[in-house]
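Here is a short note on helix packing and charged pairs. Please read it with the coordinates open.

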Amino acid sequence: MKEAINIKLFYISLAVLCIVSSETKIRSMAMKLFDAHCHLQDQRVVDKASLLIHIANAAGVVYIAVDGITEKDWHLVKEMSDEYDSVIPNFGLHPWYVEGKSRSWFDTLKELIEANPSAAVGEIGLDKSPLAKGVDFGEQVEVLKKQLQLAKGLKRPASVHCLDAFPELLQIMKEIGPFPAGVILHSFQGSPEVVPQLTKLGSYFSFSGHLMPLKEDKARKIVKAVPLDRILLETDAPDALPTNPIFSVPGNATLNQPANVHSVFFFLFSILNR
């Protein structure tokens, strides 16, 4: 059985190692990295998950947080975690899917988290962007509150998706927090102004390839607003393919994979050193 892992330490360790490092690209490939957020249970890559995990491990990615998004994929995340020591399972109900939840969704989620000592709560969150068009925002809020309360009560980190809803997220976190086990703002692209308040509540800020299409000055302001010991790296694979990918998914070069956390590292390193 996989030993319980101090998730918070793993989630925060990568930042210090990467940001203060000035190693070459070749040396960095030998670094022990952690992909703080991805979706290897996604139907686009689930049949290649074993291969992608092996590629990532060989590239020095020693832990991979795989985030469930709906009741229908939680079992896949658990199966990966049971099979691969490098997979850290996260279970959560994503804001896009709150309206399809079953009556027993929360009991099932709680049982999964309690039964898996290394598990975090995620992916959860709020979304008012066009991507969530038609999804009731009030229901998103209700579901998020229950999941944040669960994470806090079980002393587990939470991995949070937030698009165009930071004022609402901040208010909810103030009501329920602080969060000593940590809240990970996944693929963070929020305003630099919200960083100090979120940090006080226990937040960490995870960056992915989603940051790369932004104008360089805007991306730099976002990253530099975050304290170095609160910066995390992720791939959000199979999405968020970096503009400078080192690895491609066999059979589909448009998809991302955990080994490309190296590409995110190089991008952030270049931003912070200009």
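1. A cut-off comes first: a residue is buried under 20% relative accessible area, exposed over 50%, and partly exposed in between. Lys110, with a relative accessible area of 31%, is therefore partly exposed. Keep in mind that this is a predicted model.

2. Lys110 has a charged partner. It forms a salt bridge with Glu114, with the closest N and O atoms 2.7 Å apart. Both residues lie in helix α5 (residues 105-115), four residues apart, about one turn of the helix. Glu114 is also partly exposed, at 41% relative accessibility.

3. Helix α4 (residues 74-83) holds Lys78 and Asp82, four residues apart and separated by about one helical turn. They form a salt bridge, the closest N and O atoms lying 3.3 Å apart. Lys78 is partly exposed at 28%.

4. Helix α9 (residues 216-224) contains Glu216 and Arg220, again four residues apart. Their salt bridge brings the closest N and O atoms to 2.5 Å. Glu216 is partly exposed at 40%. Arg220 is buried at 17%. Elsewhere, salt bridges that share partners join Asp42, Arg44 and Asp239 into one network. The whole structure has 10 salt bridges.

5. Now the packing. Which residues of helix α7 (residues 166-176) are buried? They are Phe166, Leu169, Leu170, Ile172, Met173 and Ile176. Seen down the axis of α7, they fall within an arc of 165°, so they line one face of the helix. The buried residues of α7 pack against several elements, including β4 (120-127), α6 (137-154) and β5 (158-163). Also among them are β6 (183-185), α8 (195-200) and β7 (203-207).

Methods
Residues numbered from 1 in each chain as written. Predicted model: local features only at pLDDT ≥ 70, side-chain atom pairs only at ≥ 80, totals over all residues. Heavy atoms only, no water. Buried < 20%, exposed > 50% of the residue type's maximum accessible area, 1.4 Å probe, protein only. Helix = DSSP H or I, 4+ residues; strand = E, 2+ residues; numbered from the N terminus. Arc of directions from axis to C-beta. Contact = heavy atoms within 4.5 Å. Salt bridge = Lys/Arg side-chain N within 4 Å of Asp/Glu carboxyl O.
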